[in-house]
Amino acid sequence: QVQLMESGGGLVEPGGSLRLSCVASRSVRNVMLSGWYRQAPGKQRERVAALTYGTAPNYAASVQGRFTISSDKDTLYLQMDNLQPEDTAVYYCYAQIWNENASWGQGAQVTVSS
C-alpha cells in the first residue's frame, strides 16, 4: 500500500487560488481511481474530483468549472480557482491501485475567508 503526502493547503481570500499536491511514497502503476474528497464541519464528506485512467475527469457540481484535477508521474494535483467560503474544508486525496487497498492522504486544511 502506498503512502500519500498532501501539501498546499492554507488560508486564501475569496476569489483566490490554491493548488493541492498529493505525492506518493513510491512509484505507482496501475492506478484504477484517484481523486479528492473534502470534509467540512457539519457537512457530509463530498467527493470533489475523481480521475480514472483513460477517461475524462469527474467533478462535483459544487466545484465544476473552478477546480481541475490532474496527475504527473507519482503526484496528484487539485488546482482550485475562484475559491469561495463554502470551499472551506479539509481535503483528502486518495488512490486505488490495482491489487492494493485504497490509500489516503493525511488531509490538508483549506480556509477561504476575508
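Visitor: By the disulfide rule, to what number does the count of disulfides come?

Guide: This is a predicted model, in which local features need pLDDT of at least 70, side-chain atom pairs count only at pLDDT 80 or more, and totals for chains, interfaces and linings use all residues. Residues are numbered from 1 along each chain as its sequence is written, and side-chain values use heavy atoms, with hydrogens and water left out. A disulfide is taken as a pair of cysteine sulfur atoms within 2.5 Å, and by this rule the count comes to 1 disulfide.

Visitor: Which residue does the disulfide join to Cys 22, and in which strand does that partner lie?

Guide: The S to S distance of the disulfide between Cys 22 and Cys 93 is 2.0 Å, and with 65° about the S-S bond the link is right-handed. Strands here are DSSP runs (E, at least two residues) numbered from the N terminus. The pair links distant parts of the chain, 71 residues apart, with Cys 22 in strand 3 (residues 18-24); the partner is Cys 93, in strand 9 (residues 89-97).

Visitor: Is Cys 93 buried or exposed?

Guide: Buried means under 20% relative accessible area, exposed over 50%, and partly exposed in between (1.4 Å probe, protein chains only). Cys 22 has a relative accessible area of 3% and is therefore buried. For Cys 93 the relative accessible area is 0%, so this residue is buried.

Visitor: With which residue does Arg 26 form a salt bridge?

Guide: A salt bridge is a side-chain nitrogen of Lys or Arg within 4 Å of a carboxyl oxygen of Asp or Glu, and the structure holds 4 of them. In the one formed by Arg 26, the closest N and O atoms are 2.5 Å apart, and the partner is Glu 100. Because Arg 26 lies in the loop between strand 3 and strand 4 (31-39) and Glu 100 in the loop between strand 9 and strand 10 (103-104), parts 74 residues apart in sequence are tied together by the pair.

Note on methods:
Helix = DSSP H or I, 4+ residues; strand = E, 2+ residues; numbered from the N terminus.
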